[in-house]
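Notebook open, viewer open. I want to go through some helix packing and a few single residues, and jot down what turns up.

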Amino acid sequence: MKIGILGVGTVGASVANILKDNKDIITARAGIELEPVIGLVNDLNKKRNVSIKLTDNVDEILNDDSIDIIVELMGGVEKPYEIIKKALAKGKAVVTANKALLAYHRYELQDLAGDTPFEYEAAVAGGIPIINALRDGLTANHIESIRGIMNGTCNYMLTKMIGEGVDYDTILAESQELGYAEADPTFDVGGFDAAHKLLILGSIAYGIDAKPEDILIEGIQNITPADIDFANEFNYSIKLLTIAKKVESKIELRVHPVLIPNNEMIAKVDGVMNGVSVIGDKVGETMYYGPGAGGDATASAVIANIVDIARRGKGSPMLGFESSHGEDLSLMPSDEIETKYYLRLKIEDKAGVLAKVANIFADKNISVEKMIQKPLDNSCAHLLLSTHTCIEKDINEALKALEDASVVTEKPAMIRIED
């Protein structure tokens, strides 16, 4: 089978080179020789460490009837979408690592693909085979929840902030120097990269068709040393977590920083590594750990998809369901989420302030579980507290009331708690 690679950057070059370097074992496992023959690039003058032919004309690849599989590694949304539609119309199998494309167009692509193989393991958590685990390995289970650390940049930064006391701006600059964070890091630190991955997993687990604009997405930009002190005091880690959870007939889909107990398995995923915890109603909790990015790790997942296509010949259900799964599930509105919360308040350090804060919580039916007050200077203090389980709508109303209260001197901060 002949392969055309759209985008010969770090991952595309790794795909081409691994297919050649490990040709014997890959052929033995696939049952057929898999040959990369051409790659699409923007700049033909840029030197690339590959031995395949290069072109800057995508039609040269799409119109070549000898090419069986298109590997899309371009990035972006609309341009690769149009190209993949043409590839599918010509009956070419497709493998992509493009999470943004799938966050917006996965259901349209599923309809277009039909029985034509369309695979995307590398789009979520790099080298971790979480798509295969959800779509095939856990087929017998109703999925109760998915919790994932799926952005290595954020996980590296938070690990350093908690373990070494490095402040946010310093560790962001270091992450950019190391190549973990882009010059504009918003896509990573703002939670959007992780949200795209969550939407894909939510479709496979629950059949939920949501877009990034439909779900709760928050980043790590506002985490401070005071928050980390509270986490350490009560044996929590802080992680940027992707959460998919079934609550009766509704599905929570959300991405945000969380305080999570240190004894949880997923709390132990540190540095640039990724981890995903899946709870099935029959199997219980399963945990998947590994590199979420990098040329060879991501290429490994791409090539696994190519081999699977070679073995099967026709496509399996792209998003996991041959037909309706019989459940009428809907996306839970963000203000209906129920969890525990941590709040950081900068307050006037004087008599009567705690009573006013307590009255605001009481008015919103919010119960406080833990609290620490730390002096900042002669007139102000940090009030750090956690709540019992309450509703997102109530906590947001309380935050607005606290912000408007004269005794609170700056906008309150909030992090959700996942026990």
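This is a predicted model: local features need pLDDT of at least 70, side-chain atom pairs count only at pLDDT 80 or more; totals for chains, interfaces and linings use all residues.

Before I list who meets whom, a reminder to myself: a contact here means heavy atoms within 4.5 Å.

**Entry 1, H6 against H10.** I started with helix H6 (residues 130-137) and looked up which residues meet helix H10 (residues 192-206). On the H6 side I found Ile130, Ile131, Leu134 and Arg135, and on the H10 side Ile200, Leu201 and Ile204. Sorted by class, that contact has six nonpolar residues, no polar ones and one charged. Next I checked the geometry: the axes are 9 Å apart and the packing angle is about 15°. Angles under 35 degrees count as roughly parallel, so H6 is roughly parallel to H10. I also noted the handedness: H6 passes H10 in a left-handed crossing.

I looked at helix H2 (residues 23-30) and H12, whose axes come within 9 Å and cross at roughly 40°. H2 and H12 are therefore oblique to each other. From H2, the contact uses Ile26, Arg29 and Ala30, and from H12 it uses Ile303, Val307, Ala310 and Arg311. The class count for H2 with H12 is five nonpolar, no polar and two charged.

Which residues of helix H13 (residues 353-363) are buried? I got Val353, Val357, Ile360 and Phe361. Looking down the axis of H13, I see these buried residues fall within an arc of 95°, so they line one face of the helix. Then I asked what covers the buried residues of H13. The cover includes strand S14 (338-348), strand S15 (368-375), strand S16 (380-387) and helix H14 (392-404). Just past the end of H13, Asn365 has a positive phi of about 60°.

In helix H11 (residues 225-233), I noted Ala226, Asp227, Ile228, Phe230 and Ala231 as buried. Just after H11 comes Asn235, with a positive phi of about 60°.

Buried or exposed, I wondered about Asn155? Asn155 sits in helix H7 (residues 152-164), and at 2% relative accessibility it counts as buried. Skipping residues up to four places away in sequence, I listed what Asn155 touches: Ile149, Lys239, Val269, Asp270, Gly271 and Met273.

I found Gly292 in the loop between strand S12 (284-291) and helix H12 (295-312). Gly292 is buried, at a relative accessible area of 16%; the cut-off is under 20%. Leaving out neighbours within four places in sequence, Gly292 is in contact with Ala125, Gly126 and Asn274. I also took a distance to Glu403: 111 residues along the chain, and 38 Å between the C-alpha atoms.

Last stop, the loop between H14 and strand S18 (413-417), where I found Ser406. Ser406 is exposed, with a relative accessible area of 60%. I checked Ser406 against Ile347 too: 59 residues apart in sequence, 8.9 Å apart from C-alpha to C-alpha.

Notes. Residues are numbered from 1 along each chain as its sequence is written. Side-chain values use heavy atoms; hydrogens and water are left out. Buried means under 20% relative accessible area, exposed over 50%, partly exposed in between (1.4 Å probe, protein chains only). Helices (H or I, at least four residues) and strands (E, at least two) are DSSP runs, numbered from the N terminus. The arc is that of the directions from the helix axis to the C-beta atoms. Axes are lines fitted to C-alpha atoms, for helices over the stretch in contact, and angles run from 0 to 180 degrees between N-to-C directions. Angles under 35 degrees count as roughly parallel, over 145 as roughly antiparallel, 65 to 115 as roughly perpendicular and the rest as oblique. A crossing is left-handed if the near helix is turned anticlockwise from the far one by less than a right angle, and right-handed if clockwise. Ala, Val, Leu, Ile, Met, Phe, Trp, Tyr, Cys and Pro count as nonpolar, Asp, Glu, Lys and Arg as charged, and the others, Gly among them, as polar.
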